[in-house]
Amino acid sequence: MSDAKLSPPAQPTFRELFAPKLLTILSEGYDFSKFKADAIAGLTVAIVALPLSMAIAIACGAKPEAGLYTAIVSGFLISALGGSRFQIGGPAGAFIVLIATTISQFGYDGFLLATFMAGILLMLIGFMRLGAYIKYIPYPVTVGFTAGIGVIIFSSQITELLGLTLQGKEPAALLPKIQAIIAVLPSINPWAMMISMLTIAIIVGLKRFRPNWPSLLIAIAVAAAVTHLFALDIRLDVRTIKSAFGGVPGTLPLPALPNFSLDLAERVFPAAIAIALLGGIESLLSAVVADAMTGRRHRSNCELVAQGVANIAASLFGGICATGTIARTATNVRAGAIGPISGMLHAVFLLCFILIAAPLASSIPLAALSGILAIVSFNMIDTKEFISTFKRSRGETAVLLTTFLLTVFRDLTEGIAVGVVMGSLLFMHKMAQLVTVEGGSELLMDDIADVPRAHTTASEVQGDQDVLIYRISGPLFFGAATTVATALENIGRLPPAVVLDFSAVPLADSSAVQSLRTFVNRVSQHGGAVYVAGASPMVRRILVKGGLPVAPTHYHVDADTARDFAHAEIAARQTAAHNPAE
């Protein structure tokens, strides 16, 4: 067997971490056939993104063109600079609640500044290589806040779905919103409701019977045609983009920095953090979905840097927040995209739309856009995962429901924060239950009060009664420290030597080491010694720094070696006692 040491894995270079996937695609060779495939995929995605971008912007409390500007500018930059081959960026339904709340609190100028700051934060997170940590958000938290957002989006669309006329501004909170809606139910516009139901029926029907057809665009076109042909906006007060917003501009605006002041920046900073976190989570989830569909692997930190640049650009053009969008990314993959050029072309196609066909958007009824968002909100509620979680784990159910309810009735950021904390505590509880202590004398944890139960078994003592061996298994961290310490404290007669076998301990922390030091001191006071066996280099480093035990000769590669060494030391001490030095 060779004595050569294995070299540690090479650290990834800056290029490997942050080089856009566009460069990878071009370096592999990019010909006309690949461009054609990307062009078809980009057109397909643009058809989906066109009505959805306007609908999301309106639901946020912005003008419809803000969604289009975001899809064009941010969508192009996310594809050109991002770390995923297939990511499609733009406005996302997950942002609706957060954007609407920010606009209501700080105005549109404050929201643009928050988006600009969020872009800077995303770039910093990416360059600091923290992208991998975002994936540690527990899945029940993701399901809970996504479902909560879906409920809020749907509730925000009831007014336009039914063509209601509210007196004053619609409340943002769910319960006051429902009360306000109930109060004006007599003002239902049956024609607007017909348009919204027609839109939903077309989308659902085409998804089932013609899944390859552009259902969103067809539904919007039919709704706009019906509204225009029968003059529903003029004769029957069906609100359209023209009547509500004056139409859609036919050009991109000139970029301009958001209004800045230290006071405003300080007030919107919490919103900027929330936008950055939510954008990072959504973009990486979308990239993971694309990886699962294609077998590729995205670059998390590169993707976050691209998201940051895209959000800064969106704020300069008066757009809204941007992130990777799961539905449009999946559409891009299914449409046969080869690489990020499809996403760049999707932005170009959208630009062509506002340059050429913007006047056609004037007749789009708001009820039809609300119908689209009703479908989006329904798809955001993963009922199968809810049921599966309920059956699988009470702890995860508590995390999911808490996140969901806080998102719906309190605040999105609060829901995520509390959900992550609860998920972390649940994880630590499960990890603490994995810790076991085996060996030595009779050690029955069932009789110990107020201590988490450990699956403990008495095993045959190896050697004589002078050396007891105890094997600790599982992560030795603060959550398990009490369990292990109590088990060791209940050893009856302390022998001259105790061997603690750490071969099945993958990690340890200082809190657990402090608990073990109490046991080591107890053994020392009775004239004995503690030996550590089988500790990995990382665990051993923690133990040594924690002073467990002090003598370097008390560390050994395995329990048998430690036992033999302990017997030799005991024999040496006994010999010295019988033959004291002259």
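Axes here are lines fitted to C-alpha atoms, for helices over the stretch in contact, and angles run from 0 to 180 degrees between N-to-C directions. Helices (H or I, at least four residues) and strands (E, at least two) are DSSP runs, numbered from the N terminus. This is a predicted model: local features need pLDDT of at least 70, side-chain atom pairs count only at pLDDT 80 or more, and totals for chains, interfaces and linings use all residues. Residues are numbered from 1 along each chain as its sequence is written, and side-chain values use heavy atoms, leaving out hydrogens and water.

**Helix 7 and helix 20**
- Helix 7 (residues 139-162) packs with helix 20 (residues 412-433) at about 160°, the axes being 10 Å apart.
- That makes the two roughly antiparallel (angles over 145 degrees).
- Val-141, Phe-145 and Ile-149 of helix 7 meet Leu-412, Ile-416, Gly-419 and Val-420 of helix 20 (contact means heavy atoms within 4.5 Å).
- The residues of this contact are 6 nonpolar, 1 polar and no charged.

**Helix 19 and helix 20**
- The axes of helix 19 (residues 394-409) and helix 20 come within 8 Å and cross at roughly 170°.
- Helix 19 and helix 20 are therefore roughly antiparallel.
- By class, their contact has 8 nonpolar, 7 polar and 3 charged residues.

**His-554**
- His-554 sits in the loop between helix 23 (537-545) and strand 7 (555-556).
- His-554 is buried, with a relative accessible area of 12% (buried means under 20%, with a 1.4 Å probe and protein chains only).
- A polar atom of the His-554 side chain lies 3.1 Å from the backbone oxygen of Val-530.
- Beyond neighbours within four places in sequence, the contacts of His-554 include Tyr-531, Pro-549 and Glu-569.

Key:
Parallel < 35°, antiparallel > 145°, perpendicular 65-115°, else oblique. Nonpolar A, V, L, I, M, F, W, Y, C, P; charged D, E, K, R; others polar. Buried < 20%, exposed > 50% of the residue type's maximum accessible area, 1.4 Å probe, protein only. Polar contact = N/O pair within 3.5 Å; in protein donor to acceptor, adjacent residues only side chain to side chain.
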